[in-house]
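Dear colleague,

I am handing over the model we spoke of, and my notes on it follow below. Please read them with the coordinates open beside you.

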Amino acid sequence: MLRTHTCGELRPLQAGEQVTLTGWLNRRRDFGTLIFIDLRDRYGITQVVVDSTTSPEAHAVLAEARSEYVLKIVGMVRVRPEDGRNTNLPTGEIEVVAQQAEILNPSKQPPLYIAKEGNEDEALRLKYRYLDLRRARMQRNIILRHQTIKFIRDWMSARGFLEIETPMLMASTPEGARDYLVPSRLHPGEFYALPQSPQQLKQLLMVAGFDKYFQIARCMRDEDLRADRQPEFTQLDIEMSFVEQEDVLQLVEPLMTELVAAIVPQKHVLSPFPRLTYYEAMERFGSDKPDLRYGLELVNVGEIVSESQFVVFTQALANGGQVKAIRVPGCGNYTRKQLDELSEVARTGGAKAAATLSIEAAGVKGSIAKFFTPEQTAALVETLGGEPGDLLVFVADNKDAVAGGLDKLRREFARRLNLADPDLLAFAWVVDFPMFELNHETGVWDAQHHPFCMVNPADVEKLNRNELEGVRAAAYDLVCNGYELASGSVRIHDRAIQQRIFDRLPYTPGEIQRRFGHMLEAFEYGAPPHAGIAPGIDRVLALFCDEDNIREVIAFPKTQRAEDLMMHSPSPATEKQLRELHLDVKVEA
RNA sequence: GGCCUCGUGGUGUAGCGGUCUAACAUGCCACCCUGUCACGGUGGAGAUCGUGGGUUCAAAUCCCAUCGAGGUCGCCA
């Protein structure tokens, strides 16, 4: 070892000891004959002091040292003078008086300041990710990530779950996200697919009798990126046999609660986790992943405004749409410009516009106020619980647009008004997802989930009658603060039912046999009832770390165009590689 | 694929038709300084304003295209 201690561990207890520290030069303060250096490693920062009158050689070395030089310091631990303590540092009561100093490696001027949070273009951070990762924030996030995954492994193991690895080179599955493909050298013209999730394999592990399975599983999907979506991401993949939906929820809820307590004790959760049906979530929040840290709930005012003179509202209702509103406290004084911006926000959620009424002591004001009778106005204010000074924001449109528009507005107001407690992790279960959703373009009911998801037993009759609209899936999501953190379901374990679901897919019987024949066959050999779920680790960590984008909790993430700016991937293959893989590349003009 | 935001010394910002021979902060270099911890002081170097066209007597500034980053809709069973 080149060092005896780390930069985070020395205390007055070690005063008088000779120690050797190594680390990066975080900051220096040069007084000529006296130089202070903050030496940094991932454990902390320790102040080194060198005096030219007592250690001229060490002083000469450290006079040369600059930011991010890698140093080795041999010196004596000394309690700092009373007025020289630094209460901001855990090591702030001591300093190391350098006797010898060595530059293990110099550094060019780095393109990022390591010692201070900057506001750099993210492309620069990604290009020099190894420097970005030196910074305190990223070190904290990456360490928290390790602790989280370690906690999960221990917790699941203690409850009898086995971590079982599944292959990265898999077969392409036809539905779902776009696959990442890997060409086969031994099988010209054939490809592996990287897993979108180990879904089929974990179900086959249930058939194999590994009744409690988990895996910290990497998943890849070749879809467009978002703040909470990377081309590869990590899931806690879970599957259990001989259980029902309730058993899965009763496993994950304490896992999350105890994880929060262990890893981010400054944060708190709602206990027990609230449960909402999908229908309820959409009605009250306009979202299947509502942020429950604040109110601003959606209120249906269709009945009140149906007789009004406001054609936009009555027309929307006549077309089978909805009129809903939220009450925003204290925003009644919005200017015309601010009110216009709200329509812009509503548009990002798919609605055409937002209308508003300001509540004043004397009555309501706003461009649409004239369309309502005094009775209608009073009913609106009362139904929404409006107080003077409040702003009522309405969206009238088809059901989806109303939900989307008000969801966006709700989030925007919560942000502006600072309504969300940053230390609250408002976990909640959303249950009873619909089994099918209407494709507005084709008018056909499509399966909303993967084809292994069981129908809610209470709705089997409906399904048999082919009344698809109200059929619920035995599917559930864990949501938190506006993010979908996990999605799961009870699976089909009956060959006949599974066959019927597959038959609904737009594939020929031959294709279904080729793609899913192994699943159908496995179900003929004693498949146990089973269910599972898969929390997204990256999103959990983003919430733990107060980051609003998962790149900040991934060591080496990719850009929105799915590139790695440091390693330069993707990149062209050589002629030789292509030849071996039997590939001919044609780049479109 | 659509829409929106951003791109100016190493880094972050200002400047938004002429006063720009581009400003400020920080970092960097040199010198001074024995108790700092965002040390302080003095001096200095460092940018053809992402790229390419165009408009104009004149472009960092206006227009078009393009490249790059981010956000979002579509997409993500």
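Predicted model: local features only at pLDDT ≥ 70, side-chain atom pairs only at ≥ 80, totals over all residues.

Glu-552 is found in the loop between H16 and H17, where helices (H or I, at least four residues) and strands (E, at least two) are DSSP runs numbered from the N terminus. Residues are numbered from 1 along each chain as its sequence is written, chains are lettered from A and ligands numbered from 1 in the order in which they are written, and side-chain values use heavy atoms, with hydrogens and water left out.

Glu-552 is buried, with a relative accessible area of 5%; here buried means under 20% relative accessible area, exposed means over 50%, and partly exposed lies in between, computed with a 1.4 Å probe on protein chains only. When its neighbours within four places in sequence are left aside, Glu-552 is in contact (heavy atoms within 4.5 Å) with Glu-122, Arg-125, Arg-137, Met-138, Asn-141 and Glu-547. The side chains of Glu-552 and Arg-125 are also joined by a polar contact of 2.8 Å, a polar contact being a pair of N or O atoms within 3.5 Å, of which, within protein, one must be able to donate a hydrogen and the other to accept it, and for which residues adjacent in sequence count only if both atoms are side-chain atoms.

Glu-552 belongs to a network of salt bridges that links it with Glu-117, Glu-120, Arg-125, Arg-129, Asp-132, Arg-135, Arg-137, Arg-140 and Glu-547, where a salt bridge is a side-chain nitrogen of Lys or Arg within 4 Å of a carboxyl oxygen of Asp or Glu. Arg-140 counts as partly exposed at 40% relative accessibility, whereas Glu-547 is buried, with a relative accessible area of 10%.

The structure holds 50 salt bridges, one of which joins Arg-78 to Glu-95, with the closest N and O atoms 3.0 Å apart. Since Arg-78 lies in strand S4 (residues 70–79) and Glu-95 in strand S5 (residues 94–105), the pair ties together parts that are 17 residues apart in sequence. Arg-78 is partly exposed, with a relative accessible area of 41%, while Glu-95 is buried at 4%.

**The surface near the RNA**

RNA strand B is surrounded by 55 residues, the closest being Asp-30, Gly-84, Tyr-113, Asp-224 and His-449; a residue is near the strand if one of its heavy atoms lies within 4 Å of it. Of the atoms of RNA strand B that come within 4 Å of the protein, sugar and phosphate account for 51%. By class, this surface has 14 nonpolar, 18 polar and 23 charged residues, with Ala, Val, Leu, Ile, Met, Phe, Trp, Tyr, Cys and Pro counted as nonpolar, Asp, Glu, Lys and Arg as charged, and the others, Gly among them, as polar.

A polar side-chain atom of Arg-229 lies 2.9 Å from a base oxygen of RNA strand B. An N or O atom in the side chain of Gln-109 is 2.9 Å from a sugar or linking oxygen of the RNA, and for His-450 a backbone N or O atom lies 2.9 Å from a sugar or linking oxygen.

**An antiparallel sheet**

Five strands form an open sheet in the order S13-S14-S17-S15-S16, with antiparallel pairing; two strands pair if DSSP finds at least two bridges between them. The edge strands are S13 and S16 (363–365), each of which pairs on one side only. Strand S14 (residues 322–328) is largely enclosed by the rest of the structure, because 6 of its 7 residues are buried. S14 pairs with S17 (residues 391–397) over 7 bridges, where Val-328 has Leu-391 as its bridge partner.

With best regards
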